[in-house]
Amino acid sequence: MLENCQRHHMLLGLGALTMVTILVLFVESRYAAEGPRRREPQFVIEDNSTCWRNEKYHVVQECHPCSEFDIVSRSLGVCIHTHYKEVLRCQSGEIVTRSCDRVALIEQMNFLKFEVLCLVIGLLSYLVSYARDRILSRRNYMRIERQLNRVQ
């Protein structure tokens, strides 16, 4: 199909795609410059303390998925909404469990799976188009060979 397009149409299309790309990058950088907006959870955390909001704390256990039992039985209130929890120790010595967002490692693994899937689909598409091109080239060669054999 590209071989049927005129040069100025291809340049116009390329220019339009370039402008859209620049516009998207500009809009994205503008919103990213504002920084992440921290939202307070709008759900009841649990009857445990919220000392981590008022005093210094350190993380005892990093953010990790709740067990299936905690989610189903609703034994931990923090596991109901996000299905992830982290354990904190406040400066006063109190140990608190709070809800947290998804684990960065899980997000990274999901992204890598997506990238590998895109690579596999891209390679399969290339192989199919390459095979199709070879088949069509072979047919064209055979047709030309038959025409030359008839002339002689």
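What follows is a conversation about how features of this predicted model get their names.

Modeller: A word on the ground rules: this is a predicted model, in which local features need pLDDT of at least 70 and side-chain atom pairs count only at pLDDT 80 or more, while totals for chains, interfaces and linings use all residues. Residues are numbered from 1 along each chain as its sequence is written, and side-chain values use heavy atoms, with hydrogens and water left out.

Biologist: How many disulfides does the rule give in total?

Modeller: The count comes to 3 disulfides. Cys63 is joined to Cys100 with an S to S distance of 1.9 Å, and that link is right-handed, with 90 degrees about the S-S bond. Cys63 sits in strand β1 (residues 57-65) and Cys100 in the loop between β3 (95-99) and α4 (104-151), 37 residues apart. Cys66 is joined to Cys79 at 2.0 Å; with -85 degrees about the S-S bond, this link is left-handed. Cys66 lies in the loop between β1 and α3 (68-73) and Cys79 in the loop between α3 and β2, so the parts tied together are 13 residues apart in sequence.

Biologist: What pattern do the disulfides follow?

Modeller: Counting bonded cysteines along the chain, the pattern is 1-5, 2-6, 3-4.

Biologist: Why is Cys79 called buried?

Modeller: Buried means under 20% relative accessible area, exposed means over 50%, and partly exposed is in between (1.4 Å probe, protein chains only). Cys79 has 0% relative accessibility, so the residue counts as buried. Cys51 at 6%, Cys90 at 3%, Cys63 at 15%, Cys100 at 10% and Cys66 at 9% are buried too.

Biologist: And Cys118: buried, exposed or partly exposed?

Modeller: Cys118 has 38% relative accessibility, so this cysteine is partly exposed.

Biologist: Which residues make up the largest nonpolar core?

Modeller: A nonpolar core is a set of buried Ala, Val, Leu, Ile, Met, Phe, Trp, Tyr and Cys residues joined through side-chain atoms within 4.5 Å. The largest one has 5 residues: Cys51, Trp52, Leu88, Cys90 and Val96. Two or more residues each come from α2 and β2.

Biologist: How do you know that β2 and β3 pair?

Modeller: Two strands pair if DSSP finds at least two bridges between them. β2 and β3 have 5 bridges, so they pair, and the sense is antiparallel. Lys85 stands opposite Ser99 in β3. The hairpin of β2 and β3 has 4 residues between the strands, and Gly93 there takes a positive phi near 100 degrees. As for cover, 4 of the 5 residues of β3 are buried.

Biologist: What joins β1 to β2?

Modeller: β1 and β2 run antiparallel and are joined by 6 bridges. Here His64 stands opposite Lys85 in β2.

Biologist: In what order do the strands of the open sheet come?

Modeller: The order is β1-β2-β3, a sheet of 3 strands with antiparallel pairing. β1 and β3 stand at the edges, each with a single partner strand, so one side of each has no neighbour in the sheet.

Biologist: Last one: why are Tyr126 and Tyr130 called stacked?

Modeller: Rings of Phe, Tyr and Trp (its six-membered ring) pair if their centres lie within 6.5 Å; planes under 30 degrees apart count as stacked, over 60 as edge-to-face and the rest as tilted. Tyr126 and Tyr130 are 6.0 Å centre to centre with 25 degrees between the planes, so they form a stacked pair. Being 4 residues apart in helix α4, they are separated by about one helical turn. Tyr130 is partly exposed, at 41% relative accessibility.

Conventions
A disulfide is a pair of cysteine sulfur atoms within 2.5 Å.
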